[in-house]
Amino acid sequence: MDAHATYLNKIATADPLADLIQDFTSRQPHVSVKSITIDKGHYLDFAEGRVRAFLPYINDQGAVLDPSDGKEHEYATASFAKAGAVLIQAGRCQDLQEIILKAMDWASYCLGEIQVPDDHADFTSHMLVLAYEQLSSFADPSRVDRWRSNLQRVEPELTYSQTERNFPDIRQIRNWATYAMHGEMMRLRAGLTDSTAFIDKYLPYQLTRFTPEGLYRDPNLPAAYDLAARDQLSGILEAGYEGAAAVLLKVLLHRGAKTMLFTQSVTGSSSCGGRSNQLLWNELSFVHICEREAAYCLRYGDLFWAGTFKRAAHLAYQSILRWVEDPAGFRLFKNRFPIAERVGYEFYAYHSTYSLYAAQIAVSCYLDADDSIEETASPADVGGFVLHLPSFHRIYATTGLKQGGYHVNIDTAAQMGQDATGFVRLHRAGIPEETALSTGIAGLEGEIPWIFYRPKQTIPAPLFPAAIGPMWRDEHGAWHRLANYGRRQHEVFHALDAEGQPLNAEQLHWLCELSVPAPEDQENNLSFTVTYAANPQPKAYPLDPNTPGANVNEVYRRAVSDVLPRPGNGSAERIEENYRIGMDEITVTWKFDEAEAAELTAVGVTVPLLVTNGTDQSSILCEGNKVTVKYGNATYTVWADEAENNIEMELLPGRMPNRNGHYRIAQWTRKDKLEVSLHFSLTTEQ
């Protein structure tokens with residue numbers, strides 16, 4: 001049995017969240033919630049708003065053009081056709097019928113002719129088959145025949161981009177394959193193909209991307225594409241796939257859906273981390289998975305989980321309404337910068353594609369939602385847990401509303417260039433997510449060498465990344481930040497060992513462990529300890545393999561071996577972070593251990609402070625060792641104990657961007673001992 005098969009056998013039965021889920025199911029019945037006034041019609045409201053917004057950008061052929069450059073991109077037109085089709089079938093947008101039919105004409109033609117813009121056919125087939133099913137009764141037979149002919153002409157290996165034709169090692173194909181397979185299963189259901197051969201070929205190689213917790217590993221572990229891929233793979237099963245891989249896929253998808261619930265913030269938002277983050281379609285993907293799971297649980301009589309998933313779906317959808325209903329206009333990203341500035345967009349992101357992509361997810365939410373399901377408390381309501389996902393290098397801690405309603409997210413080995421290692425998310429229920437911090441601040445130094453994936457900003461990124469986290473000064477006077485120690489190697493997750501770990505995996509500079517006291521020892525707080533142990537790595541010096549000389553590699557190895565390593569990481573051997581989440585505040589204590597034959601001459605903690613989200617401005621007031629950020633009706637306060645006279649606080653002048661806004665850094669430093677404690681509180685005026 002090869003390593004991949006061994007790994008799949010292991011994850012088929014091992015559920016690392018079993019104890020956490022058992023604890024939740026025992027405590028959930030004791031938590032009551034007030035139902036959120038959201039029904040499936042709200043999903044149509046979202047979709048209709050996006051469809052109507054793009055009416056001025058449709059050309060004579062029926063293509064949807066992007067407002068930024070006047071060109072058609074990726075799957076914008078297919079998304080418009082699918083969203084419009086469901087809206088018409090639901091009795092809406094009757095005045096737009098011909099426009100939507102024309103978009104279907106063009107998008108189906110492009111798919112059949114292998115002319116989908118930007119070579120994105122993989123994404124469009126599942127959308128267009130659904131549009132075909134929904135629109136056929138509204139078009140004349142000849143028009144429907146043309147659609148059918150175009151959809152039948154798909155030759156998967158040639159039409160789609162991420163196939164063996166372009167990826168001889170098909171293990172390297174990422175989330176694109178999940179869309180293409182979904183499209184092929186939809187085509188089979190509609191009688192547009194007679195084979196599942198494409199799915200049978202590619203699906204087994206996607207299964208090894210799953211973690212034991214049921215999450216999907218796209219390259220470099222973006223949270224958004226875990227959601228997107230699982231959503232598409234679920235669609236394959238929903239469309240009726242029963243191939244050899246279906247049984248395991250079903251197990252992993254249901255497990256992953258439950259895992260996902262424990263990553264949801266008390267604000268309702270989905271996890272941060274990686275590319276394409278802080279986009280509204282992240283939450284809509286979360287909603288769709290939850291609505292589909294809720295309906296599935298209801299069909300099989302599991303009212304407990306049906307109500308739990310329904311509640312989580314409504315919390316997630318409610319969390320984006322602030323951006324959907326922004327008085328200045330719809331916000332695709334969770335910031336208020338002018339849309340034309342594309343703040344937060346990667347190079348592949350367009351306002352047309354992602355706005356309409358969100359709309360087509362919303363109509364899927366409508367199709368799968370069952371409004372007869374009554375909400376019951378979700379993990380975000382119940383709280384009282386700490387979740388460690390080592391496979392994604394993330395820790396989530398949540399307290400229920402009666403225990404303060406806080407949510408903490410720690411990235412223990414962030415992707416450099418996208419995120420920062422450390423305490424990257426601090427939310428409290430009822431307070432705008434960006435008030436404290438909703439995602440880390442990426443730096444320019446040492447990122448994974450895919451700079452074109454960096455999101456666009458209007459001000460330069462800092463040299464080093466930033467999060468709420470520790471800093472320390474070595475015996476030579478150099479400052480080091482935990483935020484700057486992360487993943488720098490592009491990891492595809494295609495070649496794995498029997499434990500599901502990448503072969504030749506990047507060796508991390510810090511090895512992380514989580515310790516959580518027993519529930520009976522927690523009193524009224526949620527406490528846990530995160531420990532980072534130094535795992536120093538030798539400095540890598542890139543060598544061109546084409547360099548002439550028979551002995552060049554041997555000489556290189558000898559030369560590098562002569563370079564003496566620095567002790568620990570920046571002279572630090574161990575960092576211990578003790579978290580205590582109370583009713584009114586969070587207290588974190590950072591403790592530092594020196595490496596052997598090294599000395600730490602000062603230690604400190606950095607805290608990003610919001611300046612603006614692009615429109616709204618904060619005010620920052622410093623008083624001694626306390627800083628207060630006023631932001632609308634919210635107040636964010638960070639302080640050291642008054643008795644700690646040897647701690648100095650400084651507010652640095654430079655601004656630094658993340659996807660939500662611009663921040664400044666406050667830092668608390670001391671020289672007298674290797675320990676710093678800070679308190680954090682978020683409050684709002686009623």
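Predicted model: local features only at pLDDT ≥ 70, side-chain atom pairs only at ≥ 80, totals over all residues.
Empty space was examined across the whole structure. Rolling a probe the size of a water molecule over the atoms shows where empty space is left. The search returned 8 cavities of 30 Å³ or more. The largest cavity holds about 130 Å³ of space. Its lining consists of 14 residues, and those closest to the centre are Ala 223, Asp 226, Thr 263, Ser 271 and Tyr 396. Two elements, α11 (223-238) and β2 (394-399), each contribute at least two residues to this lining. The greatest contribution comes from α11, which supplies 4 residues. By class, the lining of the largest cavity comprises 8 nonpolar, 3 polar and 3 charged residues.

The second largest cavity has a volume of about 90 Å³. Its lining is formed by Phe 330, Arg 331, Leu 332, Phe 333, Asn 335, Phe 337, Pro 338, Ile 339, Arg 342, Val 343 and Tyr 345. Of these lining residues, 8 are nonpolar, 1 is polar and 2 are charged.

The elements that give two or more residues to the lining are α2, α16 (379-382) and β1 (383-389). Among the contributors, β1 gives the most, with 5 residues. The lining of the second largest pocket divides into 17 nonpolar, 10 polar and 8 charged residues.

Aromatic contacts were then considered. A pair of aromatic rings is described by the distance of the centres and the angle of the planes. The count of aromatic pairs in the model is 32. One of them joins Phe 24 and Phe 304, and this pair is edge-to-face because the ring planes stand at 70 degrees, with the centres 6.0 Å apart. Phe 24 is buried, at a relative accessible area of 2%, whereas Phe 304 is partly exposed, at 23%.

A further pair is formed by Phe 46 and Phe 330, whose ring centres lie 5.9 Å apart; the planes are at 70 degrees, so this pair is edge-to-face. Phe 46 is part of helix α3 (residues 40-53), while Phe 330 is in the loop between α14 and α15 (351-368), so the pair ties together parts that are 284 residues apart in sequence. Phe 46 and Phe 330 are both buried. Phe 330 is also one of the residues that line the second largest cavity.

Several aromatic residues come together in one cluster, made up of Tyr 75, Phe 123, Trp 176, Tyr 179, Tyr 225, Trp 281, Tyr 354 and Tyr 357. Contacts between charged groups and rings were found as well. The charged end of Lys 40 is placed over the ring of Tyr 366, 4.8 Å from the ring centre. Arg 342 lies over the face of Tyr 350, at 6.0 Å from the centre of that ring.

Helix α12 (residues 246-261) contains 16 residues. The distance from its first C-alpha to its last is 23 Å, close to the 22 Å expected at 1.5 Å a residue. An α-helix has 3.6 residues a turn, so residues three or four places apart point the same way. The buried residues of α12 are Ala 246, Leu 248, Leu 249, Leu 252, Leu 253, Arg 255, Gly 256, Ala 257, Thr 259, Met 260 and Leu 261.

Two backbone sites were noted for their phi values. Most residues other than glycine have a negative phi, and most peptide bonds are trans. Ile 114 is not a glycine, yet has a positive phi of about 55 degrees. Ile 114 is located in the loop between α5 (97-112) and α6 (121-135). Its relative accessibility is 45%, so Ile 114 counts as partly exposed. Leu 221, likewise a residue other than glycine, has a positive phi near 65 degrees. Leu 221 is situated in the loop between α10 (197-207) and α11. Leu 221 is buried, with a relative accessible area of 1%.

Terms used. Residues numbered from 1 in each chain as written. Heavy atoms only, no water. 1 Å grid on protein atoms, 1.4 Å probe; cavity = no way out; pocket = protein on both sides within 12 Å on 5 of 7 lines; lining within 4 Å. Points joined across faces, edges and corners; volume = space filled by probe spheres on them. Nonpolar A, V, L, I, M, F, W, Y, C, P; charged D, E, K, R; others polar. Phe/Tyr/Trp six-rings, centres within 6.5 Å; stacked < 30°, edge-to-face > 60°. Buried < 20%, exposed > 50% of the residue type's maximum accessible area, 1.4 Å probe, protein only. Lys NZ or Arg CZ within 6 Å of the ring centre and 35° of its normal. Expected span 1.5 Å × (residues − 1).
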